[in-house]
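Visitor: I'm new to this one. Could you show me the structure and walk me through it?

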Amino acid sequence: VHSKISYSSSLSTSTKVAKEKIILGIDPGTNVMGFGVLSINNTKLSTLGLGAVHIKEKDYGLKLKIIFERTSSLIKQFKPDEFAIEAPFYGKNVQSMLKLGRAQGIAMAAALMQEIPIAEYSPRKVKQSITGSGAASKEQVAAMIKSLVNLAEIPKDLDATDGLAVAICHYYQSTNKFPSAGKNDWKSFLKNNPDRIK
């Protein structure tokens with residue numbers, strides 16, 4: 001079977017050092033799966049990789065197979081200590097929610113197979129953790145992510161920053177460390193970047 005996959009990412013390999021924790025964040029989808037690999041060294045946040053897996057297969061079963069294989073590959077490459085995934089708990093379109101739920105489940109299964117602790121967060125919780133607003137746009141989340149982990153530039157594919165946002169959300173939720181109390185909060189970002197406001 002020849003799967004038609006467009007795999008775009010910005011990756012770097014890294015050897016774990018003392019006190020470093022690695023979290024793999026996934027923004028699941030049957031057409032595009034965003035991912036981000038967060039490194040926490042003491043309290044410094046950086047990214048080891050982020051990108052998006054574009055799944056062109058029409059057969060739904062093959063889509064799930066690709067999600068499982070790609071997630072397993074990311075786990076093998078980066079050896080994360082923890083796994084976080086975005087999991088919408090409500091949606092108007094039942095069929096879409098069902099398909100998305102399966103995509104989430106198969107990605108989670110890949111982590112469970114490697115005995116990696118998993119956590120689920122709603123889209124609203126992720127946005128709120130990153131920007132302070134549960135109604136933030138993908139662009140606002142991406143801009144804040146750029147500031148938080150010092151990205152050279154925002155990826156064109158915002159599914160990538162969505163994946164990294166899930167990982168950062170998990171870090172904040174598990175440590176009670178939120179950016180709102182520091183220099184990276186959303187209000188400060190807007191103050192320092194008035195050109196971003198539309």
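Visitor: Let's start simple: in what order do the elements of the protein run from the N terminus on?

Guide: First off, this is a predicted model. The protein has six helices and six strands. Going along from the N terminus, the order is β-β-β-β-α-β-α-β-α-α-α-α.

Visitor: Staying with Leu48, is it buried or exposed?

Guide: You'll find Leu48 in strand β4, residues 44-55. Its relative accessibility is 9%, so Leu48 counts as buried.

Visitor: On to helices. At what angle do the axes of α1 and α2 cross?

Guide: Helix α1 covers residues 60-78 and helix α2 covers residues 94-113. Their crossing is right-handed. The two axes come within 9 Å, and the crossing angle is roughly 35°.

Visitor: How many nonpolar residues does the contact of α1 with α2 have?

Guide: On the α1 side, the residues include Leu64, Ile67 and Phe68, and on the α2 side they include Leu98, Ala103 and Ile106. By class, there are two polar and two charged residues in this contact, and the nonpolar ones number 13.

Visitor: Is α3 roughly parallel or roughly perpendicular to α5?

Guide: Look at α3, residues 123-131, and α5, residues 158-175: their axes come within 9 Å and cross at roughly 75°. Angles from 65 to 115 degrees get the label roughly perpendicular. That makes α3, relative to α5, roughly perpendicular.

Visitor: Which residues of α5 does α3 meet?

Guide: From α3, the ones taking part are Lys125, Val126, Ser129 and Ile130. In α5 they meet Ala165, Val166, Ile168, Cys169, Tyr172 and Gln173.

Visitor: How far apart are the end C-alpha atoms of α4?

Guide: Helix α4, residues 138-149, has 12 residues. At 1.5 Å a residue, it should span 16 Å. The model agrees, because the end C-alpha atoms are separated by 16 Å.

Visitor: How many charged residues are in the contact of α4 with α5?

Guide: The axes of α4 and α5 are 9 Å apart, at an angle of about 60°, and α4 passes α5 in a left-handed crossing. Among the residues that meet are Lys138 and Glu139 in α4, and Asp159 and Asp162 in α5. The contact divides into 10 nonpolar, one polar and, for the charged class, four.

Visitor: In which loop is the place of Glu115?

Guide: Glu115 is not a glycine, yet its phi is positive, about 60°. At 73% relative accessibility, Glu115 counts as exposed. Its place is in the loop between α2 and β6.

Visitor: What about Thr30: buried or exposed?

Guide: Thr30 lies in the loop between β2 and β3. Leaving aside neighbours within four places in sequence, its contacts include Ile55, Tyr60 and Ile67. Its relative accessible area is 15%, so Thr30 is buried.

Visitor: Last one: how far apart are the C-alpha atoms of Leu164 and Gly25?

Guide: Leu164 lies in helix α5, and at 0% relative accessibility it counts as buried. Beyond its neighbours within four places in sequence, Leu164 is in contact with residues including Phe35, Leu50 and Ile145. Leu164 and Gly25 are 139 residues apart along the chain, and their C-alpha atoms are separated by 5.5 Å.

Notes:
Residues numbered from 1 in each chain as written. Predicted model: local features only at pLDDT ≥ 70, side-chain atom pairs only at ≥ 80, totals over all residues. Heavy atoms only, no water. Axes fitted to C-alpha atoms, helices over the stretch in contact; angles between N-to-C directions. Helix = DSSP H or I, 4+ residues; strand = E, 2+ residues; numbered from the N terminus. Left-handed = near helix turned anticlockwise from the far one by under 90°. Contact = heavy atoms within 4.5 Å. Nonpolar A, V, L, I, M, F, W, Y, C, P; charged D, E, K, R; others polar. Parallel < 35°, antiparallel > 145°, perpendicular 65-115°, else oblique. Expected span 1.5 Å × (residues − 1). Buried < 20%, exposed > 50% of the residue type's maximum accessible area, 1.4 Å probe, protein only.
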